[in-house]
Protein chains: 2
Amino acid sequence: MVTKLKRFLIGRPMKTDELTEEKLSKLKALAVLSSDALSSVAYGTEQILLVLITVGAAALWYSIPISFAVLGLLTVLILSYRQTIYAYPTGGGAYIVAKDNLGTSVGLVAGGSLLVDYILTVAVSSSAGTDAITSAFPTFHEHRVMIALLMILTLTILNLRGITESATILMYPVYLFVFAVFLLIIGGGYQWMTGNVHAQAPAYGVAVPGITLFLLLKAFSSGCSALTGVEAVSNAIPNFRDSAPRNAAITLIIMGVILGIMFISISLLAYVYGIAPKADETVVSQIASAVFGRGIIYYFIQAVTSLILFLAANTAFAAFPLLAFMLSKDRFLPNMFMVRGDRLGFSNGIIFLGIFSALLIIVSEGDTENLIPLYAIGVFVPFTLSQTGMMKRWITKKPAGWLLPFVINTVGMLTTLTITLIFLITKFSQVWMIFLFLPAVIFAFKKVNQHYRDLAEQLRIDLSTDKPEKKGSVIVIPVAGITQVVRNTISYAQSLSDDIVAVYVGFDEEEIKKMEEKWEEWNPGVRLITLRSRYRSIVRPLSKFIDTVEWKTSATDHVTVMIPQFITKRWWHNLLHNQTSLLLRAYLFARQDVKITTVPYRLKK
Amino acid sequence: MVTKLKRFLIGRPMKTDELTEEKLSKLKALAVLSSDALSSVAYGTEQILLVLITVGAAALWYSIPISFAVLGLLTVLILSYRQTIYAYPTGGGAYIVAKDNLGTSVGLVAGGSLLVDYILTVAVSSSAGTDAITSAFPTFHEHRVMIALLMILTLTILNLRGITESATILMYPVYLFVFAVFLLIIGGGYQWMTGNVHAQAPAYGVAVPGITLFLLLKAFSSGCSALTGVEAVSNAIPNFRDSAPRNAAITLIIMGVILGIMFISISLLAYVYGIAPKADETVVSQIASAVFGRGIIYYFIQAVTSLILFLAANTAFAAFPLLAFMLSKDRFLPNMFMVRGDRLGFSNGIIFLGIFSALLIIVSEGDTENLIPLYAIGVFVPFTLSQTGMMKRWITKKPAGWLLPFVINTVGMLTTLTITLIFLITKFSQVWMIFLFLPAVIFAFKKVNQHYRDLAEQLRIDLSTDKPEKKGSVIVIPVAGITQVVRNTISYAQSLSDDIVAVYVGFDEEEIKKMEEKWEEWNPGVRLITLRSRYRSIVRPLSKFIDTVEWKTSATDHVTVMIPQFITKRWWHNLLHNQTSLLLRAYLFARQDVKITTVPYRLKK
């Protein structure tokens, strides 16, 4: 049943050989890895306008230079990550770059911060997407948590099915979104050039009282939330078809160009259409309704926009398992993140991400807006560290023509560092948690690593000297009577050792005497030792006895306890047997040198 | 921690030798076993009046002859159970008597019906007691379920502590209740004889229109709810001090006399004080306030009355585990009901009763009034069967002077049968469930019995011919690499057998080749077999391999699979290891002939 359901949801298991077939083409990679970055044009411009409007509508023209600044930063980031891709062809996320150049601890800061960030991405994106739906259909508003959870479940299953299949499904909405935004840009541009725009744009270049550098920087940093998701490509290089680095670099640049055009165009359209942010309507919606009116094209744009917000969450589903795999390979996360599932994806990472983001949705009751600054800072910390790492690399290696890339990375580092600091200063009340969870995550990484190193040390063997040593063997068989089960167990024990003791625990003298007489009559060739239990416990006297045997013989012998266990024909039959054998097993398991053998006895009726 | 809490709640464990000390004196037995019976005077008279008032206040005088009829039935029951006690000195509940004389199936009807009934007793009594409290303190009304559950928890713990201790605690309220009711009787009788009663009693002996035989019988059967609990003494004979039957018989008669006097006196007082049942005040409360006014004595009577209703539940806690023990001894219930706990009580029965009555309270949300007729019929079915059994016994054995006891039992049988039928006819909508659960319980009894008989047959051994047979032995050791764990496991295996195979599951050819070379270099004296897993599963290829080994050798050899298992130093370390060994163990456990040995390896760090 469970297997069938799993087959239906996930698909047939795949052989390890099939792994290469799961690699991504550029077109599919763009769909899988860019939805997070592209979707941010849906709110990037608005974030800037929201800060500027606090001074007044006249200040909105500042959105144009700020947008160009963001565009500049985007260019720097894209160029920088392009460099990273070639420098780290097997996958160069912030974790790898920082670890490689700045040491493990810094790498862990970047990795931990990204790991938490991907969980936030899924939670924030899926609840934002839900908001878009419930704004259009208010009746669903009370079911928002359920809708967001369903979305996460769907994404989890899609990703468990495998990368290619989910890419195929996800391609259409991503390209539809790109199509829709370009439709908007072309339509809006055409209207503007033909002079059909009757709105009043704020005067450009007029100094506005109340504007401070701090405010402009804040607006800039808010606009930078449009850049989250850019790092996904460089993390996921191993997912690309050969030659992976080149394909990844091309994909990254295509994504950067599309993102840049869409972002700056929407900022420009917002300006020329004189649009100010409203509480109940998004900027994109305002532009769309101004350009096309509230017709079929408007609803198409809105629908595709809300869909892409959901899909942004999918980027994290592609990136998180890979990062977890890398951390796990370096022994900072449990082994399980290295295991490929039936469909060759890192299933445990996918499931882990699904569960934790779902928990976040449940705990915050679907209201994840306050998490957005935390989410943004969680991206800019690794950005900064990655750039710093690249700077160090250029300085250390000094390849031919290293100065230009060094300058690019330095500019990028300074900018992202500034944005991080602005976030910390202007939105401390929303991002202070980073000072809690980042140390906690890094502490966990170190603890896990310590355990694996201790383990390796304890398990290490010298092939030339550490050989198995043969010892003697004592077998202890607890018996509750003389039955076929006991006979079966003794038969088995006799095939392994000549030193066998049967132990019987009785509650009174009469019982014990009867057992001894019966044993003598049976005479199975095995000594019987009887114990009297005054407190009616079977486990305690037995384990005391086994202690004694162990104490006497452990130097020369292995002590094995053989526990017969019924396998009943129906589950409820288990209720009819005192589960002494399970209790005994659990009790004895806490001792190193007692080996426990379960001798199953299958009941036929 | 858990042990300490248990010690605190339950007390120190006791030796089996201390068992006799736990026997009850007559005085304590009366307290433990009679609270159910005695508490019913709190509502017995009222039940009769409630039926009569439907015709009119003039009909209330019929309560006097009906009460005498109930008294007569009580006498018959007491005499009958006195006979049973002597006939079955080791405990003669309805189950034993019916089984012994009328066959096992009839016995199971009686036993099953009582078993369910004890659960109902606890649920009904504790919620009735809660009602008494919340009537006095209406603020607690919304917490009724919680109060009832707390009461059940308290009773469960008291009973787990042991019979004597709970008896000591419970003695005071029971005797206080008896004292309070006699105070009421004497006070009321004195007032009446001194002519201080000014109430108008309905004229005695006047024919009332509308009175039918059916109605009178219904009133009679309602009054018979005062007789529930009478059987407790004869069930619990083994709990009495020696000589148990005599002590039990005396206790039974004392209880009968006290119950009879209290019941008939309250009926008489209710009549002479002209009391009619009210919705918001009990009959006993009306009498008490008429006799003493609403002073301290009135509140004392009310408090003690509500307390005794709680304690009625305790009767079931004394009776249920004993009956479960007897059914378990006869193999109709799981073994666990035969196990004596730390304090020598049948803990599992006590806990089972506590849990199921608590569930009943939760499901019915503390509103158990509708369960009362079901509860009453659940008592009268075994009454009838027990009487029938005794009749059969007299006829079969024909001891000297058997005619009188035979007549007593016959009268009793006919009366209880009639009451059962009246219940069925007049309250079918409330008691139809008995036709569901009684067959279900009996079906379960038979199923359990069948399993135990099948089991005994499969386990039976012929001491002279069925001896253990020595076979060969093959040991399979799954290895994941060459580590100290593997060395430790091979050392152990070599102490048991010379035929050992190590199995390695690799994911690709390279891995496998590396392992083979390393193994050759190590040369532990054990063959290595390598398997390639195309689907990255370790368990499946391993189990296929073990299948093959088993198929080849099972005729001549025992196959043992040795599974090394880490014992980590901290619980969370377990998260860092893929629990392949647990999976493998669970998977292999479903096969009869594979023995599974867990070789623990304790990590030191």
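A salt bridge is a side-chain nitrogen of Lys or Arg within 4 Å of a carboxyl oxygen of Asp or Glu. Keep that in mind as we walk through this predicted model. Look where the two chains meet, and you will find one such pair: the side chains of B:Glu469 and A:Arg487, with N to O at 3.0 Å. Across the interface of chain A and chain B, the rule finds 4 salt bridges, along with 27 residue pairs in polar contact.

Which parts of chain A touch chain B? The elements giving two or more residues to this side are helix 18 (434-459), strand 1 (472-479), helix 19 (484-494), helix 20 (509-522), strand 4 (557-567) and strand 5 (594-602). By type, the residues on this side of chain A are 34 nonpolar, 23 polar and 27 charged.

Now step back to the whole contact. Chain A brings 84 residues to it, and chain B brings 84 residues. The size of an interface is often given as the accessible area lost when the parts come together. Here the buried area is about 7,900 Å², with carbon and sulfur atoms giving 55%.

Strands also link the two chains. Strand 5 of chain A pairs with strand 5 of chain B in the antiparallel sense, over 3 bridges; within this pairing, A:Ile596 has B:Thr598 as its bridge partner.

Note on methods:
Residues numbered from 1 in each chain as written. Chains lettered and ligands numbered in written order. Predicted model: local features only at pLDDT ≥ 70, side-chain atom pairs only at ≥ 80, totals over all residues. Heavy atoms only, no water. Contact = heavy atoms within 4.5 Å. Buried area = accessible area lost by both parts, 1.4 Å probe. Polar contact = N/O pair within 3.5 Å; in protein donor to acceptor, adjacent residues only side chain to side chain. Helix = DSSP H or I, 4+ residues; strand = E, 2+ residues; numbered from the N terminus. Nonpolar A, V, L, I, M, F, W, Y, C, P; charged D, E, K, R; others polar. Pairing = 2+ DSSP bridges.
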